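Let's take a quick tour of this protein chain.

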Amino acid sequence: MSTRTDSGSHRAIVVRSAHDGAVAAIEQREAPQAGLGELVLDVQHSSVNFKDALAMSGRPGVLRSHPMVPGIDAVGTVVNSDDPHWPSGQTVILNGAGIGERADGGLAERVVVPADSAVRLPSGWSTRSAAAVGTAGFTAALSVLALRRDVSADAGDVLVTGAAGGVGSFAIRLLSSLGYRVVASTGRPDDQGDRLRELGAADVIHRGELSDSGGKPMQKARWAGAVDSVGSTTLVSVLAQTSYGGVVTACGLAQGPDLPGTVLPFILRGVSLLGINSVDAPHEKRAEAWQLIADTLDEAAVTSIAPQTIGLEEAIGLAPDVLAGKVAGRVVVDVAR
Ligand SMILES: NC(=O)c1ccc[n+]([C@@H]2O[C@H](COP(=O)([O-])OP(=O)(O)OC[C@H]3O[C@@H](n4cnc5c(N)ncnc54)[C@H](OP(=O)(O)O)[C@@H]3O)[C@@H](O)[C@H]2O)c1
């Protein structure tokens, strides 16, 4: 239940140490102060990303110092601003930009964010829907923008790996809405196949076809392009199966950070591998990605990817399931709950 006060005292999830295990707890925090170029937000909704689950479980590599509030997404209203671009009461979206990593994050009732990374809530959108899209949908949109520069919708099949995850689910929906024929790769075809087809996948394959494909450096060309959030041997197989001039975007390491392949797809088929980083994306890219999201996704699609809303306390409890790959799609956090 919310204990937000006018003076800014508010509830937050706080991670006090970097030890594997239960290190996150709800605490009452003092009002945060905005510096130059920063905004204070009254957060309405956040979400639980893979990174947030790592942070709440005390895993190293996400939170740069302790104690810190996790949460790489925040959607909320600007408080006490004299910045004409961001007046008080304006509702904004913040994905990444260091919150929940280098500075306190969005799993709190209040957060300080860099103004130049804020994006206005699209007209007609709810704060819940924007948080449901969150970093996963934003990263999927950045990936789709990168891919569509060189791969048109009629170029052939486009593969999405990690399909049942947040990035994968949004990538399927965005690509299929733009007219691409999407093939979804998942480890859960029995559980998740129908959901992925409803999102727009024309075909669903088992991820083992890619992760255990024998490691041949060049394989039969199957994909005009791909959105990968998995890395490791999966990404190596995707590159080896991409057609001449195809584009593969890489944003994640759900299988692993290694890339045990060869340069042959690049030099024999002119395949391009494009890295996607949502955290440090400049403002123009943020605005372009959110425009694509607003133009392409509707509330029903967003809700189907993120049907569940939980409170701050429950977010802590969900972290192990996210890390164990037991959660499909995205989970929204109502920070006042
Ligand atoms: N670069 C960036 O800016 C950025 C932004 C957002 C996320 N990311 C990264 O992108 C990745 C996906 O994020 P997310 O939010 O979509 O996470 P998520 O919701 O947890 O989904 C990850 C998906 O990856 C697949 N997967 C998990 N373990 C795997 C394994 N061992 N082998 C093959 N596939 C596996 C699973 O899909 P199936 O169940 O369908 O097999 C899982 O649902 C993470 O590594 C995350 O850190 C990066």
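Start with Ala 108, which touches His 10, Arg 11, Ala 12, Val 43, Val 69, Leu 312 and Val 335, leaving aside residues up to four places away in sequence; contact here means heavy atoms within 4.5 Å. Keep in mind that this is a predicted model, where local features need pLDDT of at least 70, side-chain atom pairs count only at pLDDT 80 or more, and totals for chains, interfaces and linings use all residues. Residues are numbered from 1 along each chain as its sequence is written, and side-chain values use heavy atoms, with hydrogens and water left out.

**More on Ala 108**
- You'll find Ala 108 in the loop between β5 (91-95) and β6 (110-114); strands are DSSP runs of E, at least two residues, numbered from the N terminus.
- Ala 108 has a relative accessible area of 1%, so it counts as buried (under 20% relative accessible area, 1.4 Å probe, protein chains only).

- The chain splits into domain 1 (10-121 + 307-334) and domain 2 (136-275), with bounds from an automatic or database domain assignment.
- Their contact takes eight residues from domain 1 and nine from domain 2.
- The C-alpha centres of domain 1 and domain 2 lie 29 Å apart.

**Where the domains meet**
- Domain 1 and domain 2 bury about 550 Å² between them, 56% of it on carbon and sulfur atoms; buried area is the accessible area (1.4 Å probe) that two parts lose on being put together, summed over both.
- Zero salt bridges turn up across this interface (a side-chain nitrogen of Lys or Arg within 4 Å of a carboxyl oxygen of Asp or Glu).

Technical notes: Helix = DSSP H or I, 4+ residues; strand = E, 2+ residues; numbered from the N terminus. Buried < 20%, exposed > 50% of the residue type's maximum accessible area, 1.4 Å probe, protein only.
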